[in-house]
Amino acid sequence: CHMPLPSTMVFSQRVFFHGSTSTMANVEVMSESTKPIRLAKGDTAPNFELESDEYKHYALADFKHKNIVLYFYPQAMSSYCTTEACDFRDNLNRIEAAGYTVIGVSGDDVRPLQEFREKEHLNFVLLSDPEYEVHKLYGTVEESEKDGKRAYTPIRSTFIINGDGTIEDAEYDVDYKGHVDRVLAKLEALK
């Protein structure tokens, strides 16, 4: 099942998405290498639609005119991801006071995300991307093939996106230790 995506234009090896007519298959054909694209400050954040742990569908466009902290993490309930998620949970009031909404994305199915939310009392949106399609759009997964099977390695990453859909900050290969404090410092600097 492929969700509709914006049409694609390529400039200087970077992919930008505008409009709403292509499909995921078009995106996959464009990238033959296993190295993901990397988004940067000033790029337009690719739109997407994913299912949440509450079986609701969210699109980035649903948050138009809202500032977003969009973070990608490898796996719900793993030790590092739990530390990072709980840090976002514990600092959510500070993040919201800075004018931002937190959204977490992983390759987990909905059920593990539900368990993660319940067990850790998470208070922000968790989105499921089991086919890694949105991860691919944001350059937060590396693909490989072994013995004829495709494997995905998520890259812990965070994007600060303003209400106009422009990326204000993109950080890849995030160190989970002190991550939320660094995000808060960046949000303060953006004021």
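What share of the contacts in the chain with a separation of 6 or more comes from residues 24 or more positions apart? I looked this up before anything else, keeping in mind that the model is predicted, and I found that such residues account for 58% of those contacts.

**Entry: the chain as a whole**

I noted that the secondary structure comes to six helices and eleven strands, and that buried residues make up 47% of the 191 residues in the chain. For the accessible surface I wrote down about 9900 Å², with 47% of that area belonging to carbon and sulfur atoms.

**Entry: helix α2**

I turned next to helix α2, which covers residues 79-90 and has twelve residues. From its first C-alpha to its last I read a reach of 16 Å, which is close to the 16 Å expected at 1.5 Å a residue. I then asked which residues of α2 are buried, and my list reads Cys81, Thr82, Glu84, Ala85, Cys86 and Phe88. Looking for what covers these buried residues, I found that the cover includes the strands β5 (67-72) and β6 (100-106), together with the helices α3 (92-97), α4 (110-120) and α6 (179-190).

How do β6 and β7 run where four bridges join them, parallel or antiparallel? I found that they run parallel, and that Gly104 has Leu126 in β7 as its bridge partner. With strand β3 (residues 49-52), by contrast, β7 pairs in the antiparallel sense over two bridges, and here I noted that Glu51 stands opposite Ser128. I also recorded that β6, α4 and β7 make a right-handed β-α-β unit.

**Entry: Thr158**

My last stop was Thr158, which has its place in strand β10, residues 157-161. Why does Thr158 count as buried? It does so because its relative accessibility is 3%, and the cut-off for buried is under 20%. I found a polar contact of 2.8 Å that joins the side chains of Thr158 and His179. Leaving aside the neighbours within four places in sequence, I listed the residues in contact with Thr158 as Val69, Leu70, Tyr71, Asp169, Ala170, Glu171, Val174, His179 and Val183.

How values were computed
Residues are numbered from 1 along each chain as its sequence is written. This is a predicted model: local features need pLDDT of at least 70, side-chain atom pairs count only at pLDDT 80 or more; totals for chains, interfaces and linings use all residues. Side-chain values use heavy atoms; hydrogens and water are left out. The expected span of a helix is 1.5 Å times one less than its number of residues. Buried means under 20% relative accessible area, exposed over 50%, partly exposed in between (1.4 Å probe, protein chains only). Contact means heavy atoms within 4.5 Å. Accessible areas come from the Shrake-Rupley method with a 1.4 Å probe; for residues, only the protein chains shown count as cover. A polar contact is a pair of N or O atoms within 3.5 Å; within protein, one must be able to donate a hydrogen and the other to accept it, and residues adjacent in sequence count only if both atoms are side-chain atoms. Two strands pair if DSSP finds at least two bridges between them. A crossover is right-handed if, with the strands pointing away from the viewer, the path from the first strand over the helix to the second runs clockwise.
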